[in-house]
Amino acid sequence: MSKTEITAEPGIPMIIITREFDAPRDLVFRAHTDPDLLAQWLGPRDLALTIERYEVRNGGAWRYVNTDAEGNTYGFHGVFHGDPSPDAIVQTFEFEGAPGHVCLQSATFAERGGKTLMRTVSAFQSVEDRDAMVASGMERGVHDSGERLAELLARLQAS
Amino acid sequence: MSVKAPDRFDAVFAALSDPTRRSIVRRLAEGEATVLELAEPFPISLPAISRHLKVLEQAGLISRNRRATARLSRLEAEPLREVTTWLARYQRFWDESHERLDDLLAALQADEEQVSCHDPAATAKGDDDEQD
């Protein structure tokens, strides 16, 4: 089974996410640019996603809002830079809970043997911005466990 | 000494970026140990082990105290808990999103196949085959 790889190195304000999907790249691209499809997968199941705006073109704006079970809302918005294509979707990303802390994201889709490798590079303005994003922007209640520790150590060991 | 969490992450990750120090952390997860005990599996000098212990101590990952003549090192769980929780939340967000995307992509591809089965051209071709 495919696994989402997240790389966040100390001292470098970036996050790189890679994941392989068992689908052609045009379809994976469509799932990222068609708001009706995006709303069906982005975020955990217990967070509702409302897409208010999704103008998939050079200079087009997007905005969506996550709502959790308690009714708390988390807004995000940004702008597409260049016409999005399977070669690259380049966009800014800003969590409305931390205005002004804008991140630049670039997603690429490479097809090989009917599968698509997606790679998303997020460049933050500072390591602090990145850490705050990871810590609070997409916060979820996750129970800590020894298993998580073992996973971390295994991951560090492998790298 | 109190360092706010994000600053401490850098020290914790840097401390864990070394294979010898990760081995020491795993050993200490089993219980306290002296420098001699910790040095035993490694082909490096005691002062080198002591330097590794100092890095781990500065990151808050271990504490050291003297019992009788031996100086014992012990694992401090809190910084590890903080960084694993920090990573785990973000990892979980994307794991779950991408699993949902897997399901969606599978459903979309199944739909496309179904559409091509009902394609009039495909049906016509099927009829031709039957006539043969």
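A:Pro35 counts as partly exposed, because 17 C-beta neighbours lie inside 10 Å. The burial scale runs on other C-beta atoms, placed from the backbone, within 10 Å of a residue's own: buried at 20 or more, exposed at 12 or fewer, partly exposed in between. This is a predicted model, in which local features need pLDDT of at least 70, side-chain atom pairs count only at pLDDT 80 or more, and totals for chains, interfaces and linings use all residues. Residues are numbered from 1 along each chain as its sequence is written, while chains are lettered from A and ligands numbered from 1 in the order in which they are written.

**Two sites in chain A**

- A:Pro35 sits in helix 2 (residues 35-38) of chain A. Helices (H or I, at least four residues) and strands (E, at least two) are DSSP runs, numbered from the N terminus.
- Not counting residues up to four places away in sequence, A:Pro35 touches A:Ile51 and A:Tyr54. A contact requires C-beta atoms, placed from the backbone, within 7 Å.
- A:Arg53 is 18 residues from A:Pro35 in sequence, and their C-alpha atoms are 8.5 Å apart.
- A:Gly113 belongs to the loop between strand 7 (102-112) and strand 8 (115-123) of chain A.
- A:Gly113 is exposed, because 5 other C-beta atoms lie within 10 Å.
- From A:Gly113 to A:Ala23 is 90 residues along the chain, but 9.5 Å between C-alpha atoms.

**Chain make-up**

- Chain A holds four helices and eight strands. Their pattern along the sequence is β-β-α-α-β-β-β-β-β-β-α-α.
- Of the 159 residues in chain A, 22% are buried. Among its contacts with a separation of 6 or more, 34% involve residues 24 or more positions apart.
- Chain B holds six helices and three strands. From the N terminus on, they run α-α-β-α-α-β-β-α-α.
- Of the 132 residues in chain B, 25% are buried. Among its contacts between residues at least 6 apart in sequence, 50% join residues at least 24 apart.

**Helix faces**

- An α-helix has 3.6 residues a turn, so residues three or four places apart point the same way.
- Helix 4 (residues 46-58) of chain B has 13 residues and reaches 18 Å from its first C-alpha to its last. That is close to the expected 18 Å, where the expected span is 1.5 Å times one less than the number of residues.
- B:Ile49, B:His52, B:Leu53 and B:Leu56 are the buried residues of helix 4 of chain B. They fall within an arc of 100° seen down the axis, so they line one face of the helix. The arc is that of the directions from the helix axis to the C-beta atoms.
- Just after helix 4 of chain B, B:Gly60 has a positive phi of about 80°.
- Helix 2 of chain B buries B:Arg21, B:Ile24 and B:Leu28. Their arc around the axis is only 55°, so they are on the same side of helix 2 of chain B.
- Helix 1 of chain A buries A:Arg25, A:Val28, A:Phe29 and A:Ala31. These fall within an arc of 155°, so they line one face of helix 1 of chain A.

**Interface between chains A and B**

- In this interface, 33 residues of chain A are in contact with 32 residues of chain B.
- On the chain A side, strand 2 (14-21), helix 1 (25-33), helix 3 (127-137) and helix 4 (146-158) each give two or more residues. Helix 4 of chain A gives the largest share, six residues.
- The chain A side divides into 20 nonpolar, five polar and eight charged residues. Ala, Val, Leu, Ile, Met, Phe, Trp, Tyr, Cys and Pro count as nonpolar, Asp, Glu, Lys and Arg as charged, and the others, Gly among them, as polar.

**Nonpolar cores**

- The largest nonpolar core has 30 residues. Such a core is a set of buried Ala, Val, Leu, Ile, Met, Phe, Trp, Tyr and Cys residues joined through C-beta atoms within 7 Å.
- B:Val12, B:Ala15, B:Leu56, B:Leu61 and B:Ile62 have the most contacts inside this core.
- Helix 5 (77-117) of chain B is among the contributing elements, and its seven residues are the largest share of this core.
- Domain 1 (5-75) and domain 2 (80-131) of chain B both give residues to this core, so it lies between them. These bounds come from an automatic or database domain assignment.
- Leaving aside neighbours within four places in sequence, the contacts of B:Ile62 include B:Leu28, B:Leu53 and B:Leu56.
- A second, separate core has 14 residues, including A:Phe21, A:Val28, A:Phe29 and B:Leu105.
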